Amino acid sequence: VQLQASGGGLVQAGGSLRLSCAASGRTSSSYAMGWFRQAPGKEREFVGGISRTPTSTYYADSVKGRFAISRDNAKNTVYLQMNSLKPEDTAVYYCAAGPTLLAIRTTPNAWGQGTQVTVFQ
């Protein structure tokens, strides 16, 4: 599967952005999908994920209650809705695919290219 992330940009603190991750090749419904982020000088962090059938989601504590992941299997697309953004959310965001929601946290099968999110005060 090939993944293409988009939707990053510059936003003021408190604002919102929605990232998209379009899958091609094997349909995205065959995979659990997740989002990671990496800020300058920091390690890549797992933000959250969604299972193959959209019944389970997982979020890192740092984004819980502010971010929401959803998927549209008909469009082979996964979304990351980010609300109440903070400057510390500034990072390059990556989407990833894996066999299960648990596995994707450590060993994704595929990565998309990153999309930059910058949050300013």
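Four aromatic pairs are counted in this predicted model, where rings of Phe, Tyr and Trp (its six-membered ring) pair if their centres lie within 6.5 Å, and planes under 30 degrees apart count as stacked, over 60 as edge-to-face and the rest as tilted. One of them is the stacked pair of Phe 46 and Tyr 58, with 5.8 Å from centre to centre and 20 degrees between the planes. This pair links distant parts of the chain, since Phe 46 belongs to strand β5 (residues 45-50) and Tyr 58 to strand β6 (residues 57-59), twelve residues apart. Strands here are DSSP runs (E, at least two residues), numbered from the N terminus. Phe 46 is buried, with a relative accessible area of 12%, whereas Tyr 58 is partly exposed at 32%; buried means under 20% relative accessible area, exposed over 50%, and partly exposed in between (1.4 Å probe, protein chains only).

Tyr 94 and Trp 111 form an edge-to-face pair, because their ring centres are 6.4 Å apart and their planes stand at 90 degrees. This pair also links distant parts of the chain: Tyr 94 is in strand β9 (residues 91-98) and Trp 111 in strand β10 (residues 110-111), 17 residues apart. Tyr 94 counts as buried, at 17% relative accessibility, and Trp 111 as partly exposed, at 36%. One aromatic cluster is formed by Phe 36, Phe 46, Tyr 58, Tyr 94 and Trp 111.

Residues are numbered from 1 along each chain as its sequence is written. Because the model is predicted, local features need pLDDT of at least 70 and side-chain atom pairs count only at pLDDT 80 or more, while totals for chains, interfaces and linings use all residues; side-chain values use heavy atoms, with hydrogens and water left out.

An open sheet is built from four strands in the order β1-β3-β8-β7, with antiparallel pairing; two strands pair if DSSP finds at least two bridges between them. β1 (2-6) and β7 (67-72) stand at the edges with a single partner strand each, so one side of each has no neighbour in the sheet. From one strand to the next, the twist averages 15 degrees, where axes are lines fitted to C-alpha atoms and angles run from 0 to 180 degrees between N-to-C directions. β7 is joined to strand β8 (residues 77-82) by six bridges, and the two run antiparallel. Phe 67 stands opposite Met 82 in β8.

The structure holds one disulfide, defined as a pair of cysteine sulfur atoms within 2.5 Å. It joins Cys 21 to Cys 95, with 2.2 Å from S to S, and the link of Cys 21 and Cys 95 is right-handed, with 65 degrees about the S-S bond. Cys 21 lies in strand β3 (residues 17-24) and Cys 95 in strand β9, so the pair ties together parts that are 74 residues apart in sequence. Cys 21 is buried, with a relative accessible area of 1%, and Cys 95 is buried, with a relative accessible area of 1%.

Gly 65 lies in the loop between β6 and β7 and counts as exposed, at 79% relative accessibility.
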